[in-house]
Amino acid sequence: MSEVRFSESVSALVEDDVLVVNIDNPPVNALSAHVRSGLMAALEHAASLPTIRGVVITGAGSTFIGGADIREFGKPPVAPTLPDVIERIEAFEKPVVAAVNGAALGGGCEVALACHGRIAGEKASFGLPEVKLGLVPGAGGTQRLPRLIGIVAAIDLIGTGRAAKAAEAVTLGLADSVAADPVGAALAFVQEPAAKPLHRTGMIAVPPADAAAVSATEAKVLARARGQAAPAEAVRLVKAAGELDLKQGLTEERATFLRLRDSTESAALRHVFFAERAAGKVEGLDKVSPRRIETVGVVGTGLMGSGIAVSALTSGYRVVALEHTEEAAASGRTRIAETLEKTVRSGRLTAAGRDDCLARLQTTAEAGDLANADLVIEAVFDDLQVKTELFQRLDGIVAPGAILATNTSYLDPDAIAAATADPSRVVGLHFFSPANVMRLVEVVNCAKTTPDALASALAFVKRLGKLPVVSGVTEGFIGNRIFSAYRREAEFMLEDGALPEQIDAALEAYGFPMGIFAVNDMAGLEIAWARRKRQAATRDPAARYVEIADRLCEAGRLGRKSGRGWYAYSDGKRAVDPEVTAVIEAARAVKNITPRDFTADEIVSRLLKAMADEGTALLAEGIAARPSDIDLVMINGYGFPAHKGGPMFTAEQGKDKSHG
């Protein structure tokens, strides 16, 4: 029988008296209005033909259904709604089986849950990641999943938003089996006598759960949530599935979903989601082909260099790591191997994967070994002379088409590029430490960087599984420039009457994992001190300057590694140190400042304003392309809470409120 079309994205064929429905809505088969109406029409068609014994639903390409169409958020609902489609599937009088060929996420997982059977392909995965957008599942996920897999497992999956791969899904009871050909297995499943009576998920009783296990899983989810509302609401709804009937549970879930959808928290997380999609896009680069990169040179194997090497190795590149002596090269190899070993222990890499990485790694003290590198990233001491001399040496070694990248935090990459034979191939790749863990990379588009060198750097960062954000050249790029403004404002408040522990407590209550002074102690105070000394000669004498941090450094208080910085760390734990309070009070006295009290709200709003003001300046100077890029840098590099959307988003919300 020929193909029947039910909408622009839904078609079907009849095989063995079963209607095989195919969803084809690239790129991820999202549940757009035409997908929902097509599914409804396909079900009506199957119901109207007595010869059809059942229905199989599958997805085209590598995804089953990737979730709701987020472009429809905030717009009036278009019938049929997803809950209507799901109710029709579950109540259908003939067997409906999901052949889950790839990812079934969000609404896609909810569609699969409503089917009477689920066959997972080998690449299938099931997840309800709504909490990552500040939401809860809105089409029955919190009510049907616990009926299939129990309350404890459902709290874990829905509360964290993680996905379960095919084998785990079968173990949990979320999928019936795994098959190399899920459609073929689903067709067989429909024909089996066991397919009747139909297993309607919503009619199953929630299995009894151990109260202690429920509490432990709930505590784990809430600890990760750091003040976000959605995970707690998700847990509440899953637990409610054990107490309410399906209709009551669905009503409660829908009301919660709608309430959260209209919240600032969800708006912030959706803003971040779209910001990430936009971040790698650069005007005029869409037609530019990146160069081929297979071998990556890394110069310097300290903490930063070894982290970059690990990222490149685990992403399939060959790596040549250069050090200044054979001994340093050997210890660099050890450091890289130890990091890979840790990745194996945490379950993120197999032992075979580690061996494969080590087979692609060469550590050397011979600069000539970099001759075949397509990209060389320097991670040497942050000193202009050291870096320019290195690049001048590389000019005579690497191929003319190879890209040279500097990982400087504060130096001017244009000055480094100008010293080379071909500045057009120089780009900045500012990784954040530890580079094998942190997602953010600021890709610095220097004055002479060619479009294809920039496109190549972006493609490389994406292949590492990281988030590239393009920055122009300015001291500290986007992140450190905003961080400097943020730190300056925090130090002004110190002089004016606040204490480090008060400022940190206010930031942590707002959602930062650590306050700014605790962060400074962790990073070490000497880097910023060296920079301040470097800038002393050119600083405007009329500008306000706080000397408290300099006094701490002069007293040998360089942070956590020296056992004392803004705090004392006698037993490794952070403790308020009266000596620091005394240094702060003495600095106030020198300037005749009468200290005043600050509320937590005032502390946070002043720091947010300092960040947003600096961000506005970066946009005006053309250093950052869009406000959302700045938000991503602060969230992924500096611990700004994602569920607050970033400093630019927060400032915009504030403006909207004051105008409203």
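# Strands, loops and a pocket in a predicted model

Biologist: Between which two elements does the loop that holds P434 lie?

Modeller: This is a predicted model, in which local features need pLDDT of at least 70, side-chain atom pairs count only at pLDDT 80 or more, and totals for chains, interfaces and linings use all residues. Residues are numbered from 1 along each chain as its sequence is written, and side-chain values use heavy atoms, with hydrogens and water left out. Helices (H or I, at least four residues) and strands (E, at least two) are DSSP runs, numbered from the N terminus. On that basis, P434 lies in the loop between β17 (426–431) and β18 (440–444).

Biologist: Is the peptide bond from S433 to P434 cis or trans?

Modeller: Most residues other than glycine have a negative phi, and most peptide bonds are trans. The bond from S433 to P434 has omega near -10 degrees, and its form is cis.

Biologist: Which peptide bond that ends at P27 is cis?

Modeller: P27 has its place in the loop between β3 (18–23) and α1 (33–48). With omega near 5 degrees, the cis bond is the one from P26 to P27.

Biologist: How far apart in space are A30 and G67, C-alpha to C-alpha?

Modeller: A30 lies in the loop between β3 and α1. This residue is buried (under 20% relative accessible area; exposed is over 50% and partly exposed lies in between, with a 1.4 Å probe and protein chains only), because its relative accessible area is 11%. In sequence A30 and G67 are 37 residues apart, while in space the C-alpha to C-alpha distance is 5.2 Å.

Biologist: Is D16 buried or exposed?

Modeller: D16 is in the loop between β2 (10–15) and β3. Its phi is near 50 degrees, a positive value in a residue other than glycine. Because its relative accessibility is 56%, D16 counts as exposed.

Biologist: Is F477 buried or exposed?

Modeller: F477 is found in helix α18 and has a positive phi of about 55 degrees although it is not a glycine. Because its relative accessibility is 1%, F477 counts as buried.

Biologist: Which strands are the edges of the sheet that begins with β1?

Modeller: Two strands pair if DSSP finds at least two bridges between them. An open sheet of 7 strands has the order β1-β2-β3-β4-β6-β8-β11, with mixed pairing. Each edge strand pairs on one side only, and the edges are β1 (4–5) and β11 (177–179).

Biologist: Which residue of β4 is the bridge partner of V18?

Modeller: β3 and β4 (residues 54–59) are parallel and share 6 bridges. Within β4, the bridge partner of V18 is G54.

Biologist: What is the average twist from one strand to the next in the open sheet of 8 strands?

Modeller: This sheet runs β14-β13-β12-β15-β16-β17-β18-β19 with mixed pairing, and its edge strands are β14 and β19 (467–471). For angles, axes are lines fitted to C-alpha atoms, for helices over the stretch in contact, and the values run from 0 to 180 degrees between N-to-C directions. The twist from one strand to the next averages 25 degrees.

Biologist: Why is strand β13 described as largely enclosed by the rest of the structure?

Modeller: β13 (residues 318–322) pairs in the parallel sense with β12 (residues 295–299) over 5 bridges, and with β14 (residues 361–364) over 4 bridges. Opposite pairs include T295 with R318 and V296 with V319, and V320 has Q362 as its partner in β14.

Biologist: What is the handedness of the β-α-β unit of β12, α12 and β13?

Modeller: A crossover is right-handed if, with the strands pointing away from the viewer, the path from the first strand over the helix to the second runs clockwise. The unit passes from β12 through helix α12 (residues 303–314) to β13, and is right-handed.

Biologist: Which element gives the largest share of the lining of the second largest pocket?

Modeller: A pocket is an open set of points on a 1 Å grid over the protein atoms alone, where a 1.4 Å probe fits, with protein on both sides within 12 Å along at least five of seven lines; lining residues have an atom within 4 Å of a point. The second largest pocket is lined by 19 residues, of which S484, R488, R531, Q535 and R539 lie nearest its centre. Two or more lining residues come from each of α18 (477–496) and α21 (526–535). The largest share, 6 residues, is given by α18.
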